[in-house]
Amino acid sequence: MDKQAQILPGTLDLLILKAVSLGRLHGYGILLRIGQISRGALSIEQGALYPALFRLVRQGLLKTEWGISENKHKAKYYELTPAGRKRLREETEGWNRLVAAIGAALKTETGEL
């Protein structure tokens with residue numbers, strides 16, 4: 001994809017939870033995974049990622065553990081907690097309802113009402 005999309009307010013936490021749901025990741029890995037799962041359409045700034053990770057850990061949605069990265073560096077890895085899995089499921093359902101509603105509204109033609 002040649003154009004980057006802007007992340008809507010409030011969706012960064014959802015994207016992080018989704019990225020981590022696919023496997024245990026360190027911070028930079030989360031950035032890469034979001035780019036990968038969005039097919040390059042979304043790019044997260046590190047300055048936005050780390051405060052969001054801190055917030056999600058504090059809310060009990062992610063847990064951390066130190067490990068060694070693929071580059072042999074010490075890194076903090078993130079995993080979903082059961083509460084994080086529940087939040088991801090709820091947020092995904094809400095997002096899908098919103099997308100369907102907006103899609104239906106945008107497809108409405110004159111005379112259909």
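**Notebook: salt bridges**

I looked up Arg24 and found that Arg24 forms a salt bridge with Glu65, with the closest N and O atoms 3.4 Å apart. The pair links distant parts of the chain. Arg24 sits in the loop between H1 and strand S1 (25-26), and Glu65 in strand S2 (residues 62-68). They are 41 residues apart. I keep in mind that this is a predicted model.

Next I checked accessibility for this pair. Arg24 is partly exposed, at 39% relative accessibility. Glu65 is also partly exposed, with a relative accessible area of 44%.

Which side chain meets that of Glu79 in a salt bridge? I found Arg24, at 3.9 Å from N to O. Glu79 lies in strand S3 (residues 74-80) and Arg24 in the loop between H1 and S1, so this pair ties together parts that are 55 residues apart in sequence. I noted that shared partners join Arg24, Glu65 and Glu79 into one network of salt bridges. For Glu79 I read a relative accessible area of 26%, which is partly exposed.

I then turned to Asp13. Asp13 forms a salt bridge with Arg55, and the closest N and O atoms are 2.6 Å apart. This pair also links distant parts of the chain: Asp13 is in helix H1 (residues 12-21) and Arg55 in helix H3 (residues 46-58).

Is Asp13 buried or exposed? Asp13 counts as buried, because its relative accessibility is 18% and the cut-off for buried is under 20%. Arg55 is partly exposed, at 35%.

Last entry: I logged the count, which comes to 4 salt bridges.

Methods:
Residues numbered from 1 in each chain as written. Predicted model: local features only at pLDDT ≥ 70, side-chain atom pairs only at ≥ 80, totals over all residues. Heavy atoms only, no water. Helix = DSSP H or I, 4+ residues; strand = E, 2+ residues; numbered from the N terminus. Buried < 20%, exposed > 50% of the residue type's maximum accessible area, 1.4 Å probe, protein only.
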